[in-house]
Amino acid sequence: MKEVENQKYNWNLQHIFKNEEEYNESKKEIKQILKQIKDMEGTICKTSDNLYKFYNLYEKVLEIFEKVYAYGMLKYHLDMSNQDGVKIFKEVEALGTEFNVVTSFVTPEITYADETKIKEYLEKDNRLQKYSRDIKDILEEKQHTLSKEAENLLANYSEIISAPENTYDTLTNTEFKFGTLVNEDGEEVELTDSTYSLYLKSQKQDVRKQAFELMYEKYSEFVNTITEMYITNVKGKSTTAKIRKYKTSLEQAVIQDDSSIKVYEALIEAVNKNLDVNHKFINIKKKMLNLSEMHMYDLYVNPFQKEKDSITFEEAKNEVLNALQILGKEYTNKLQEAFEYNWIDVYEKPNKKGGAYSMGVYGVHPYVLINFVNSKRDISTIAHELGHSLHSYYSNENQSVIDANYTLMVAEVASTVNEILLSDYQIKNEKDNVKKAELLYELLEMFRATFFRQSMFAEFEKIIHEKIENNESLSADDLNNIYYKLNEKYFGNKIIIDEQIKYEWERIPHFYSDFYVYKYATGISAAISIATKILNKEDNYVEKYIEMLKQGCSKKSIDLLKMVDVDLESIETYNNTIDFYNRKIEELENLLK
C-alpha cells in the first residue's frame with residue numbers, strides 16, 4: 001500500500017532515540033542511577049537533604065525510563081513477529097521489574113518514618129515542594145498501611161487472592177467452545193467471544209438469536225463454577241479491605257481511584273430516578289427496527305446501517321481538525337503537529353498490534369497507534385486517541401514526570417470530550433437526514449452502553465459486595481435473579497427480558513476488578529458537561545478546560561474536575577448528563593417524523 005510506505009503516516013522513533021546506541025546508553029544510565037538509589041535504602045528519611053536527593057534521582061531516572069520503555073514497546077508493536085523488537089521489549093520489561101524492585105523500599109520508609117519530622121521537612125525545605133504531592137499521598141495512606149510483616153504476608157498471598165480472576169480468564173478464554181451458527185450468507189460458522197458482538201449487530205434477527213442462545217447456553221453450564229469464583233473473589237477483596245482498616249471494599253476502591261463513595265452513590269441515585277429516559281430510547285429502537293416483539297438480542301443492531309463506507313485518512317484528518325477548531329488555535333495547532341510530525345502510525349501492517357491507543361512519552365511527545373481501514377468510525381477513533389494525546393502533551397509540558405500521569409478518574413474525559421465535539425460537528429453539518437439519523441443513533445447507542453449499561457453493572461457489584469460483607473450466603477440462583485431484576489428495571493417493559501440474560505453477569509471480566517466500571521459512567525458525565533459548555537461558548541471556558549488538562553495528577557481528581565465546574569459528587573451532574581441524552585433522543589424522534 002502506497003500510504004503505508006509514505007513515512008508521513010508512520011511513527012518516527014528517532015524522536016525518542018536517534019539510534020540504538022543512544023538507547024543502550026540510556027539503559028546503562030538507568031542502571032547506574034538505580035544503584036545510587038539502592039545505596040540510599042534505610043536513609044532517605046533521616047534528613048530533608050537525603051529525602052531531596054532521593055527524589056531528585058528518582059525524577060531523573062523515571063524520565064529516562066519512560067523513554068526507554070516507550071521505545072521498546074512502540075518498536076515491538078510495529079511488528080510483533082520481529083525478533084529484534086521482541087528482544088528489546090523483553091529487555092525493557094525486565095528493566096521495569098528491576099526499577100520497581102529497587103524503589104519498593106520508598107513507600108514503607110516514608111510510611112513508617114516520624115510523620116511530624118516528614119511534615120517539618122516539607123515545611124522548611126523549599127526544594128521538596130515539587131515532590132510534596134507524592135509524599136503527602138503516601139502519608140495519607142498511612143492509616144491503611146500495615147506493619148512490614150503484615151504487608152509482606154499480604155504480598156505473599158496476593159497471587160492466591162487473584163487466583164479466581166486468573167482461573168476465570170483461563171476458563172472463559174481458552175476452554176469455552178460455543179458451537180456454530182448459520183450466518184447471514186447461510187454459512188455455518190463458529191461462534192467465538194470475539195465474533196459474538198458482530199453477530200448481535202446482524203440485520204437478521206435469527207442470526208442474533210442464534211448467537212445469544214449459544215453464548216448463554218455455555219455460560220449456563222458453568223454458572224455454579226463461575227459463581228464460586230466470583231464470590232470467592234469478592235470475599236478476598238472484602239477481607240483485604242477490612243484488614244487494611246477500610247469500612248468496606250467500596251471505600252477502598254474509591255479511595256484508590258482518587259474518588260469517593262459520594263460519587264458512586266450520586267451516580268446510582270440519579271440513574272435510578274431517570275430510568276424512564278432509557279426506556280424511551282429502547283421504545284424508539286423497537287419502532288425503528290419495526291419489531292412487534294423486541295428481545296435482548298435486538299439491542300445492538302443499527303437500523304440505519306449502510307454498505308461499508310470509504311474515507312481517506314486525509315479526509316478523516318480534516319474532519320477532526322474542523323470539528324475541534326472550537327478548542328482554539330493552540331489546541332488545533334498541536335493536532336496539526338500530531339498529524340504532520342509522525343505522532344501517529346496510521347495504517348494496518350503485517351504483525352502490527354491491533355486496536356488503538358495513545359502513549360505519552362515524557363520529554364518527547366505522545367505516540368498514537370491506530371489501524372485505519374477507511375471507515376467513518378475511524379474518524380471517531382482518531383479524535384478519541386488525540387484527546388488522550390493532547391491531555392498527555394499539556395500535562396507533560398507543565399508538570400514534573402512524577403506529577404504528569406493523570407488518574408483513571410480523568411483519563412477518559414478529554415478523549416470523550418473530543419468524540420462528543422466531533423459528533424456534534426458531524427450531525428450539524430450532515431445534510432442527508434437519513435445519515436444524520438445514523439450519526440445521532442450512534443451517539444445515543446454509545447451513551448446508552450457507556451452510561452446506563454455501566455451503571456447497571458455498578459449497581460450489581462454494589463449489591464453483591466454489600467450482601468457478602470453482611471455475611472449473607474449467595475447461590476448462583478441468587479446472583480442470576482439479582483441481575484435479571486436489574487435488567488427488568490433498566491430496560492423497561494417495551495422489550496422482552498429473555499431468561500438467558502440472567503447469565504450475562506458471568507461474561508463481565510471487569511467484575512473481578514472491583515468497582516471499576518462506574519468510572520466509564522462518571523467519565524462520560526464529566527465529558528458531556530465539559531463539551532456542552534464548550535459548544536455553548538461560555539466565556540473563557542476553553543481556557544479553563546486547557547488549564548485543567550495541564551495539571552496531571554498534581555491535584556485530586558475530584559478537585560481537578562471542579563476546575564471546569566464538574567462536581568462528580570453532585571447528583572445534578574448526572575441529571576444534566578441524562579438531560580443531554582433526552583435531548584438527543586428528541587432530536588432523533590423529530591428526524592424520524
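Helices, like strands, are taken here as DSSP runs numbered from the N terminus, a helix (H or I) having at least four residues and a strand (E) at least two. Under this scheme Ser 26 lies in helix H2, which covers residues 20-39. The structure is a predicted model, in which local features need pLDDT of at least 70 and side-chain atom pairs count only at pLDDT 80 or more, while totals for chains, interfaces and linings use all residues. Residues are numbered from 1 along each chain as its sequence is written, and side-chain values use heavy atoms, with hydrogens and water left out.

Ser 26 counts as buried because its relative accessibility is 10%. Contact, here and below, means heavy atoms within 4.5 Å; when neighbours within four places in sequence are left aside, Ser 26 is in contact with Phe 17, Ile 64 and Val 68. In helix H7 (residues 132-140), the buried residues are Ser 132, Arg 133, Ile 135, Ile 138 and Leu 139, and what covers them includes helix H3 (48-78), helix H5 (106-112) and helix H6 (115-124).

A nonpolar core is a set of buried Ala, Val, Leu, Ile, Met, Phe, Trp, Tyr and Cys residues joined through side-chain atoms within 4.5 Å. The largest such core holds 145 residues, of which Phe 451, Phe 460, Ile 530 and Tyr 545 touch the most other members. Helix H21 (residues 433-469) gives the most to this core, contributing 15 residues. As for Phe 451, its contacts, apart from neighbours within four places in sequence, are Leu 267, Val 271, Ala 521, Ile 524, Ser 525, Tyr 574, Thr 577 and Ile 578.

Helix packing was described through axes, which are lines fitted to C-alpha atoms, for helices over the stretch in contact, with angles running from 0 to 180 degrees between N-to-C directions. The axes of helix H14 (residues 261-273) and H21 come within 10 Å and cross at roughly 120°. Angles under 35 degrees count as roughly parallel, over 145 as roughly antiparallel, 65 to 115 as roughly perpendicular and the rest as oblique, and H14 and H21 are therefore oblique to each other. On the H14 side the contact is made by Tyr 264, Glu 265, Leu 267, Ile 268, Val 271 and Asn 272, and on the H21 side by Phe 451, Phe 452, Ser 455, Ala 458, Glu 459, Glu 461 and Lys 462. These residues divide into seven nonpolar, two polar and four charged, where Ala, Val, Leu, Ile, Met, Phe, Trp, Tyr, Cys and Pro count as nonpolar, Asp, Glu, Lys and Arg as charged, and the others, Gly among them, as polar.

Helix H18 (residues 377-398) and H20 pack at an angle of about 140°, with their axes 7 Å apart, and H18 is therefore oblique to H20. The crossing of these two helices is right-handed. Among the residues that make the contact are Ser 380, Ala 383 and His 384 of H18, together with Ala 414, Glu 419 and Leu 422 of H20; by class, the contact has five nonpolar, nine polar and one charged residues. Glu 419, placed in helix H20 (residues 413-429), is buried, with a relative accessible area of 18%. Neighbours within four places in sequence being set aside, Glu 419 is in contact with Ser 380 and His 384.

Lys 245, with a phi of about 70°, has its place in the loop between helix H12 (223-243) and helix H13 (249-256), and counts as exposed at 55% relative accessibility. Asp 565, with a phi of about 65°, is found in the loop between helix H25 (557-562) and helix H26 (571-592), and counts as partly exposed at 41% relative accessibility.

Technical notes. Buried means under 20% relative accessible area, exposed over 50%, partly exposed in between (1.4 Å probe, protein chains only). A crossing is left-handed if the near helix is turned anticlockwise from the far one by less than a right angle, and right-handed if clockwise.
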